[in-house]
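Please open the structure in a viewer and keep the sequence beside it.

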Amino acid sequence: MDFEIDSGWKLHPVGGDTGQAYMGTRAEEKLFLKRNSSPFLAALSVEGITPRLMWTKRIGNGDVLTAQEWLNGRALTKKEMSSPEVAKLISRIHNSATLRRMLARVGGEVITPEQLIQKYEEKLSLDLQNHPLLSLIIKKLKAEVALMSTVEAKVCHGDIYRKNWLLSDENRLYLVDWDSAMLCDPAMDVSMLLCQYVPKDTWLDWLEHYDTEVTEELKSRIMWYALMNYLIQTKQHHKETRFHEMNKDIIMLQSLYQGQNYFFNKNEEF
């Protein structure tokens, strides 16, 4: 990268699917550098959601390079993902009028339930089109889509994977990698996190820490987005011929669709 030549920074690739992220070192300085980050990063930095943004530069090839403070720390474990601290930070993000205004200002896309259905059905393989369970589920989601469209869109991360959570050595929690940020029903983020990381018998406890009233309407939205997310994930795994992962998705879809009570009180049998 010409930035390395021009400035004396040495770039060391760090983990990530895009190949755009580096640890930059120059003398005693160390920064987290990334090409073409979302312009939303500045607002997230101000709110303390991500590590502090130090500077932004346009480099020789036209890319925009952002530099954030380098924090020593680690990703959260699966168990830690169900912690009150995670619930509280997600709630703060979802309910921030400032973040919502800033994401809209930089062109953040509004994602509707109808668009998610379209995304799933577009170029869907015949195998999945003809799958009895998947056909039943998409029919159910279409029938309920009007009820899902009444919620105000809020800032959602869109990829609540545990490795996108950074716990610094100073015990400060951050949510990073905002390339999938969108404006949509916050139930999208919540359903992803609950299904992947939170034991079913503690969903209500987690939602208490998320600080929201647990209504039947909220439960319905969470379940709608859980089914939708797993359908889209099933399609992606099929496309990548990752059939073992796809079959696990279908098992989860069956469990959700069969109406098992994912929201139950303590001491109530599952």
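Begin with the hairpin of strand 4 and strand 5, and select G62: this residue takes a positive phi near 95 degrees, and the hairpin has five residues between its strands. Strands (E, at least two residues) and helices (H or I, at least four) are DSSP runs numbered from the N terminus. The model is predicted, so local features need pLDDT of at least 70 and side-chain atom pairs count only at pLDDT 80 or more, while totals for chains, interfaces and linings use all residues. Residues are numbered from 1 along each chain as its sequence is written, and side-chain values use heavy atoms, with hydrogens and water left out.

**The paired strands**

Next, select residues 53–58, which form strand 4; this strand pairs with strand 5 in the antiparallel sense over five bridges. Two strands pair if DSSP finds at least two bridges between them. Within this pair, R58 stands opposite V64 of strand 5.

Strand 3 is antiparallel to strand 5 (residues 64–69), and five bridges join them. Here L33 has A67 of strand 5 as its bridge partner.

**The nonpolar cores**

Which two residues touch the most other members of the largest nonpolar core? Select W165 and M228, which hold that position among the 69 residues of the core. A nonpolar core is a set of buried Ala, Val, Leu, Ile, Met, Phe, Trp, Tyr and Cys residues joined through side-chain atoms within 4.5 Å; buried means under 20% relative accessible area, exposed over 50%, and partly exposed in between, with a 1.4 Å probe and protein chains only. Helix 10 (residues 216–239) supplies the largest share of this core, eleven residues. In soluble globular proteins, nonpolar side chains tend to be buried together.

**Two buried residues**

Select S91 in helix 3 (residues 84–94). S91 is buried, at 9% relative accessible area. Its side chain reaches the backbone oxygen of Y210 at 2.7 Å. Beyond residues up to four places away in sequence, S91 touches Y210 and D211, where contact means heavy atoms within 4.5 Å.

Finally, select I111, in the loop between helix 4 (97–105) and helix 5 (113–121). I111 counts as buried because its relative accessibility is 16%. Show M182 as well: I111 and M182 are 71 residues apart in sequence, yet 6.7 Å apart in space, C-alpha to C-alpha.

Methods. Polar contact = N/O pair within 3.5 Å; in protein donor to acceptor, adjacent residues only side chain to side chain.
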